[in-house]
Structure formats: structure tokens, C-alpha cells
Amino acid sequence: MKLKNNIAIAENGFIFNAARGDSFTTNPIGIFILQGLKNNWDKARLCQEILVKYEIDEATCEKDLYDFLKMLKHYDLIEE
Amino acid sequence: MAKQRYERPVLKPLNGNITNKFGAQAGFIPHTHIDGLAVHALTAKYGSPLFVLSERTIRETYRQAYTAFSTRYPKVQFAWSYKTNYMNAVCNVFHQEGAWAEVVSSFEYEKALHNGVSGDKIIFNGPDKTEKDHRLAIQNNSLIHIDHLDELYSLVALADELKVRPRVAIRVNMDTGVQPMWDRFGFNYETGQAWDAINKILLADKLDLVGLHCHIGTFMLASQAYRIATQKMADLALQIRKQHQHQLQYIDMGGGFASKNTLKGAYLNGADLAPSFADYAEQICTALFNAGFELGELPLLILETGRALVDDAGYLLGSVLANKRLSDGRRATILDFGVNLLFTSFWYEHTISPAQACSQYAEDIVLYGPLCMNIDVIRESVKLPPLNRGDQVVVHRVGAYNMTQWMQFIALRPRIVMIDLAGESHLIRDAEDLDYLMQLERVPEHLKKFDL
């Protein structure tokens, strides 16, 4: 699971898929996850880092992370 | 290092559609307090979901409405529409402000008496009045608004029997240029039904015809309709004066003023669309002044405004039960209140605010209630910041009809509190429990036992 090479992420959360011309926005935690994917963090590491940084329980973190990753896959921003 | 507040990650595709004429979303302002009391403190004390009423807003709204009419016309009387919200505390705020009671059923009538409204200041509307209701209303010298000929005949018979002259008005329906025309209540103006009913009353000489009443519609966004209605009502009153030498005491223009809620399918926001009290007052009062009454014979103007007086004062507080993603990709949030409590969500797109700090990132979500029924949708599509489980929301402008039309369906009804002028909260209706639910039920003896 990694971020595709042609994805540009701006600091303000603007995401651009140069291969398809699609653009998106995300919130700060979304940027945090995308940066983690860029650093090749797996799901377990992503969840662990979120729990360190944010005030949230593990179950919610895992549930939301999996949903977000599904959406990234749906929009062709990551690959397995 | 302190941990940051968590917010669910969101991913929002950007589409190059036609530019939104309203511009970009200005941002979300959390609604953390109501009249100085923290939303979280209120739900901690009284539970969630919770209806909250602002006494200050009720009084201020009433005074705005009264001022709009009383500065334009010398004889104005409001009558509080019980069906809009018949919590005793709410009714009594309006009665303290000077409003009479307007009721449409026997239990509402008895509620008004129970609240201490004197019988002669109760207006009894509605198509369902039994002989017992009529006897009680006559005994209390109340104003009985006749809805149909059957009621008229039974009142004449009752007056004959009791040897009294009940104070009555007839309810008039008419074409005011607004569709659909409300013609199911009362007697029609254009077809001459109203004039026939008036003649019957005056020629029978058993009832004291003291007024005329109309209720031209609900959520009337065209204030001009009231000018047309007022002209027709005044025309009837003047005809009665001329042909029967009988002077009416009042013209009751009913209710129907719109609140600032946004109707489903409306192009503009309700707050931008709804006429002000001054708009309605200008149409009605100007038409009355120009109708041709002698200055000393101007009738009392009665108004039965409900929705526009109380909608703004009501809030519904609730909590997020869960989040999920639907099969078509939309996000859905499930709240602990649904259409069982927020009946008006069937026709309004209610404004809903987060009750805690939130970011400005938003996504389109569907808001569902907790009922195990597919119809339980609070908003089909609304832009809100990501809400976590346990986060709270505030639904605005729920003061009208929700606390009377709410359903005891699947979930029991919650508490209602009122915040007084000093910022103190008062429980005005307790939460229902199983004992309350079952107190009227009876189980036949042979059904009391079973083996599984």
C-alpha cells in the first residue's frame, strides 16, 4: 500500500493527481496520513502514529483510517 | 506534548461545476451556548436528546410582532395557538405577554382553562367540537368559531335549550391568489357560503355574531395574500353593518406567518425569504384602514400567529451515535434523534450546527435518526465538519409543532427545558419512561402468561 508517484500534496491539503487531472482537498489529519503513506508507513504504523498525535481511542482511529484508505483507493490515489 | 483534537480524515473531490451563486461556504460557527448555558452542560444535566426553549427569544419575538401591528393599528390582540406548542410553560409566557388562547380541541381548551385563561379569552376553533365542548365553551362565554353548517345548527339548538346567546364567529375561506387554496375550513367567500351562514345566524337571532375569522394557509411566504384576505373579511363586515345594522367586534386573521426555517426545495434560505412581521402588518393593517370602517367602529384585529412566534426559540440538542459510509460513497452520520422528535424535518431543511470546536473542512453527509425505519432521515444532504461519535449538534428553529407532533415511536420522548431570563434552566416536561408508556395499557387475564 503506497501513494502513487504522480500525486502532489500541498501543505494546505490540496491534492492533485497529475495522471488523471483529478484534484481533492483533505483536512490536517488527512495530510498527516498521506505524508505517512509517502514515508511507506503501513496501516499499523499509521494507526500508531495517529494515536500518539491525536486524542482518540484505537477503535475509532482504526475504523476511520480504514475508511479513508478505502476512499484513497477508490479515487486511485494509492496502490496495494 | 498535549495531544491534538481528533477529527476524522476527509477526502473531498473538487469538481469544476457551475459557480455557486452564493459563493463559498463561509465556515462553520459552533453553537456552544444557548442563552449563556453551555450545550454540553445542558445535555450532561438533562440527557441527550434534549429540547431547549429560550424564554428570552419567545418574549422578544412576541414583542416584535406585537409592536409591528400595534404601531400600525389601534386595536390588536394576539391569541396563542396552542397546537403550535402547548407546553404549559410556553403557553404561560405568551399569556404573561398578553396573548389570549386559541385552541382547536377539547383537551387544548381544558389546558387553557387549567393554565388560568379566563373563558372569555379563549377562542375555540377547529372542525371537531362535540356538544359537550360547546356546552363548556358557552358556559365559559368563550368565542366559538363555527366551521360548518352542522356546527351552526347544533349551536342554535343548544342556545335555544340553554336560553343563552353564545358568542360566535364564522370561519371564512377564500381565494387569496395563493395555491393550494385552503377551503376545507369554514365557509367560502366567493361562492356566497359565508354570506349565507351569516344570514342564517343573524336571522335565527339565537347566536351573538361577534366576529369573523379566517386562516388562509400556513407558512405564507406572500404577505400580499393577507391584504386580499383582509379586504374580503372587511367587505363581509361592512355588508353585515349595512344590511343587518349589526356591528362586529373583531376580525380574526388567523395564523400562517412563515418562520425563518428553509422549506425543502426552496431556492433561497428561509431567513432571506420569510416576510417580516412588519411586512404582514403593513398588508393587514393598511387593508383594514382603507376598507371604509368609521373611525369609531374599527374592529379589534385578532391574530393567531403560532409558528413565527415560537420557532426561533426552540433548539434540539443531540449526539452522534455512529458514522458510516453508504454504498454510493456518501458519508452518513446517525444521531440520537430522528423524525420521531423532529417531525418538521419532513418539510424543513433544518439548520444544524456542531456544538463543539470544529475545523472548516466539511463534507456532504446524510443525517439519519436512530429509528429502525428507512424514513428516518433528518437531512438528505448537508455540509458539516466531520463529527466524531459522541459529538453534539444543535438543531435550530424547532419551537413550532415538534413538541406537539412528536411521535412516541420506537424511542421514548425526552426532556424539555426552558432557559429563563436570568439564564437558569428549568425542566418543563420530564422524559417519558416505560411506566408512562404502559400506564394506559390493559392485558386480558388469559394473555398474562406464556411459556417459551
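This is a predicted model: local features need pLDDT of at least 70, side-chain atom pairs count only at pLDDT 80 or more; totals for chains, interfaces and linings use all residues.

Trainee: Why does B:Lys163 count as exposed?

Mentor: Look at its neighbours: B:Lys163 has 7 C-beta neighbours inside 10 Å. Residues are numbered from 1 along each chain as its sequence is written, while chains are lettered from A and ligands numbered from 1 in the order in which they are written.

Trainee: Where does B:Lys163 lie?

Mentor: In the loop between α6 (149–162) and β10 of chain B. Those labels are for DSSP runs numbered from the N terminus: helices are H or I runs of at least four residues, strands are E runs of at least two. B:Lys163 also has a positive phi of about 55°, although it is not a glycine. Most residues other than glycine have a negative phi, and most peptide bonds are trans.

Trainee: And B:Tyr401, is that one buried or exposed?

Mentor: Buried: B:Tyr401 has 22 other C-beta atoms within 10 Å. Its phi is positive too, near 70°, and B:Tyr401 sits in the loop between β20 (392–395) and α12 of chain B.

Trainee: How do you know that the peptide bond from B:Ser48 to B:Pro49 is cis?

Mentor: From omega, which is near 0° there. B:Pro49 lies in the loop between α1 and β5 (50–54) of chain B. A cis bond also joins B:Gln179 and B:Pro180, with omega about -5°.

Trainee: What makes the buried residues of α1(B) line one face of the helix?

Mentor: The buried residues in α1 (residues 39–46) of chain B are B:Val39, B:Leu42 and B:Tyr46. Seen down the axis of α1(B), they fall within an arc of 60°, so they line one face; the arc is that of the directions from the helix axis to the C-beta atoms. An α-helix has 3.6 residues a turn, so residues three or four places apart point the same way. On the face of α1(B) turned away from the buried side you find B:Ala41 and B:Ala44, which are exposed. After α1(B) comes B:Gly47, with a positive phi near 95°.

Trainee: How do you know that β2(A) and β3(A) pair?

Mentor: Two strands pair if DSSP finds at least two bridges between them. β2(A) and β3(A) have three, in the antiparallel sense, so they qualify. For instance, A:Ile9 has A:Ile15 of β3(A) as its bridge partner. The two strands form a hairpin with four residues between them, and A:Gly13 in the turn has a positive phi of about 100°.

Trainee: How many bridges join β3(A) and β4(A)?

Mentor: Four, again antiparallel. Here A:Phe16 stands opposite A:Ser23, and A:Asn17 opposite A:Asp22.

Trainee: What joins β4 (residues 22–26) of chain A to β2(B)?

Mentor: Three bridges, with the strands running antiparallel; A:Phe24 has B:Pro13 as its partner.

Trainee: How many residues does the contact take from each chain?

Mentor: It takes 17 from chain B and 20 from chain A. Two residues are in contact if their C-beta atoms, placed from the backbone, lie within 7 Å. On the side of chain B that touches chain A, the largest share, three residues, comes from β2(B).

Methods. A residue is buried if 20 or more other C-beta atoms lie within 10 Å of its own, exposed if 12 or fewer, and partly exposed in between; C-beta atoms are placed from the backbone.
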